[in-house]
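Student: Please show me the model. Then let us work through its backbone and pockets.

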Amino acid sequence: MPSYSPQELATRLKSGLLSFPVTHFTAGLEFDEAGYRDHLSWLSGYPVAGLFAAGGTGEGFSLTAAEIDRVVRVAVDEVNGRLPVVAPATGGTANAVAQARAAEAAGADGVLLMPPYLTEAGQEGLIEHVSAVCAATGLGVVVYSRANAVLNDRSVAALAERNETLVGFKDGVGDIENLTRIYAAVGDRLAYIGGLPTAETFALPLLQLGMSTYSSAIFNFVPQYALDFYADVRAQDREAVYRRIREFVIPYLDIRDRMKGYAVSIIKAGLTAVGRPAGPVRPPLQNLKDGELAELTALINKIS
């Protein structure tokens, strides 16, 4: 049984920073359960509002359905009610429905619905896709609008009216007009989550659009710094936010942007830099080069 009703989940998620942990792998690219448990134990000791297992930062796209189920079950067991655990639902509608049901059976508290794999679709098709997942589970569902599944304001309003269990909207696009239209259409009916890569970059301006929280990948390896950054955002302390952007975020982005996929790879590199290695990334992602890891380590040391 989930610890949170859909509405309780929404209230909790929008109350603080969100953790998107990496998934630990062995040198042979198998799931490293012991390493993952240790990481979750460490992260859950910090005051965050929710943990999203096997998400984008967790390389959920490279995991089989059986691996996702195992990762979610381990997360639920390890966190043990200290904070809500949200599981992914991925791929086409049938697969996403099956994963949403599996998440509920595993004891997760919610579902993050990823874009369907590969194919493009119109707004009506996306409405049916999201609605099918919402109908399949009693868990709260957060829809991730990005890539080939960008929802407009009319679609979000229709989904919110049709599906009581739709409780969150995560944005991975950053279209200010569309976000303004969505908030104008449904207001506080949904929890809004910033989901652009390195969300700290956009956190302050998006706060004005109702996004009280975001997925912090850097929380994986500099958790206290990520929490302090979030506190500055919520306090709307522009001077502090931009000081942190100058001292860490921009040079971090300069490393991240050298290779497609580094938005995930750099997080595992950050864990190596702080002495808590999580193993390699799975192909098609590539690990940072030795020189880039040294550069990242020096950057982290400056803020530690």
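**Backbone and pockets**

Tutor: This is a predicted model, where local features need pLDDT of at least 70, side-chain atom pairs count only at pLDDT 80 or more, and totals for chains, interfaces and linings use all residues. Residues are numbered from 1 along each chain as its sequence is written, and side-chain values use heavy atoms, without hydrogens and water.

Student: Which peptide bond is cis?

Tutor: Most peptide bonds are trans. Here omega is near 15° for the bond from Pro283 to Pro284. Pro284 sits in the loop between helix H11 (262-273) and helix H12 (290-303); helices are DSSP runs of H or I, at least four residues, and strands are runs of E, at least two, numbered from the N terminus. The cis bond is Pro283 to Pro284.

Student: Is Leu118 buried or exposed?

Tutor: Leu118 has a positive phi of about 70° although it is not a glycine. Its loop runs between strand S4 (110-113) and helix H5 (123-136). Buried means under 20% relative accessible area, exposed over 50%, partly exposed in between (1.4 Å probe, protein chains only). At 64%, Leu118 is exposed.

Student: Which element gives the largest share of the lining of the second largest pocket?

Tutor: A pocket is an open set of points on a 1 Å grid over the protein atoms alone, where a 1.4 Å probe fits, with protein on both sides within 12 Å along at least five of seven lines; lining residues have an atom within 4 Å of a point. H11 and H12 each give two or more residues to the lining of the second largest pocket. The largest share, four residues, comes from H11.
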